[in-house]
Amino acid sequence: TGAVGLYNVGQSCCLNSLLQVFLMNIHFTGILRRITVPPCASQQNRNVPYQMLMLLEKMQRGKQKAVYPTDLAHCLSTYRVKLFVQHDAAQLFLTLWNLIKKQMKKPELVEKLSYLYTIGVQEHLVCQKCSLETRRNSNMLTLPVPVLDANSRRLKTLEDCLKYFFHPEELTDRNMCFCEQCEMKTPFLQSMKLVHLPQTLTIHLKRFCFKEPSHIYKLSHYLPFPQELDFNAVLTENQCEADDDEKAAWQYELFAVVAHSGLTDFGHYCAYIRSLTERRWYCFNDSEVCKVSWDDVKCTYGHSNLTWGETAYLLTYMKKSPQ
């Protein structure tokens with residue numbers, strides 16, 4: 001089944017959870033299996049894609065319930081991804097992805113990797129005094145959606161979070177921008193429009209917030225997310241900058257949930273992943289892997305009174321097949 005656990009080798013639950021999400025994604029592993037193998041041992045020891053491939057082979061070769069990701073962990077430590085450190089899953093995901101992309105030598109694989117994960121957006125800025133409009137295209141690896149609005153009110157569903165992320169924002173007072181046409185700082189209307197969605201879409205629920213400059217706290221309130229997500233039903237025409245063919249493919253199914261339990265500086269990660277071959281859910285909790293139901297996954301919606309309850313932090317959606 002490919003459902004093999006990873007032993008914790010030094011507070012590596014965050015790394016283990018993300019590795020499981022990568023390696024259970026058959027679209028990603030299809031790219032990984034085509035990498036160029038580094039010619040010597042010293043280069044192999046420092047090459048993240050190669051060490052991920054070796055770990056995948058190790059997981060699939062035997063019939064162990066779990067394997068040690070020690071070689072990959074040592075490889076990552078050379079790039080300042082240390083063990084015995086409380087990592088943030090969203091930041092570590094970006095770090096891993098960038099290392100993988102940077103160390104893949106074949107241009108066609110880099111292109112496939114980018115197409116598999118990269119989100120295309122267009123930022124709009126409109127001067128509220130002279131109506132001068134500027135547009136800028138950019139790419140993102142995650143949609144970092146807020147779970148609170150500007151007035152610190154809780155957003156009630158994932159769909160509400162997505163709508164709010166793409167909602168126009170007025171930049172006034174201290175946030176005013178310099179307008180080249182007005183030759184002064186003026187109020188602007190800023191908005192983000194969706195251009196392209198990838199095969200594998202990662203949504204980052206921004207549950208860790210700054211209360212004071214030095215204090216981060218966690219928002220654990222209830223926030224449901226669907227098994228099936230249609231962006232055409234969530235966003236308005238004004239929030240999209242895509243053609244009809246692009247929008248026709250914006251139908252998604254939930255593939256994985258990386259959940260966090262505990263406090264910001266002392267907690268634990270696990271991953272709920274739906275096997276693409278078996279179409280059933282598994283919970284990957286370091287070396288322990290078990291079959292679970294959708295009701296178990298829904299327990300990660302969150303609950304403000306359960307400090308140690310598992311709360312969804314990263315959501316991975318997969319495009320539905322054309323049929």
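How many bridges join strand 3 to strand 4? Eight of them do, with strand 4 covering residues 133–140 and the two strands running antiparallel. Before we go on, bear in mind that this is a predicted model, where local features need pLDDT of at least 70, side-chain atom pairs count only at pLDDT 80 or more, and totals for chains, interfaces and linings use all residues. Residues are numbered from 1 along each chain as its sequence is written, and side-chain values use heavy atoms, with hydrogens and water left out.

Back to strand 3, residues 119–127. Strands here are DSSP runs of E with at least two residues, helices are runs of H or I with at least four, and both are numbered from the N terminus. Two strands pair if DSSP finds at least two bridges between them. On the strand 4 side, Gly-120 has Asn-139 as its bridge partner. Five residues sit between strands 3 and 4 in their hairpin, and Ser-131 in the turn has a positive phi of about 70 degrees.

Strand 3 also pairs with strand 9 (residues 188–196), again antiparallel and over eight bridges. There, His-124 stands opposite Ser-191. Strand 3 is mostly covered, too: eight of its nine residues are buried (under 20% relative accessible area, with a 1.4 Å probe and protein chains only).

Now for some helices. Helix 4 (residues 48–61) packs against helix 5 (residues 70–77) at about 170 degrees, with their axes 9 Å apart. The axes are lines fitted to C-alpha atoms over the stretch in contact, and angles run from 0 to 180 degrees between N-to-C directions. That makes the helices roughly antiparallel, a label for angles over 145 degrees.

How values were computed. Angles under 35 degrees count as roughly parallel, over 145 as roughly antiparallel, 65 to 115 as roughly perpendicular and the rest as oblique. Buried means under 20% relative accessible area, exposed over 50%, partly exposed in between (1.4 Å probe, protein chains only).
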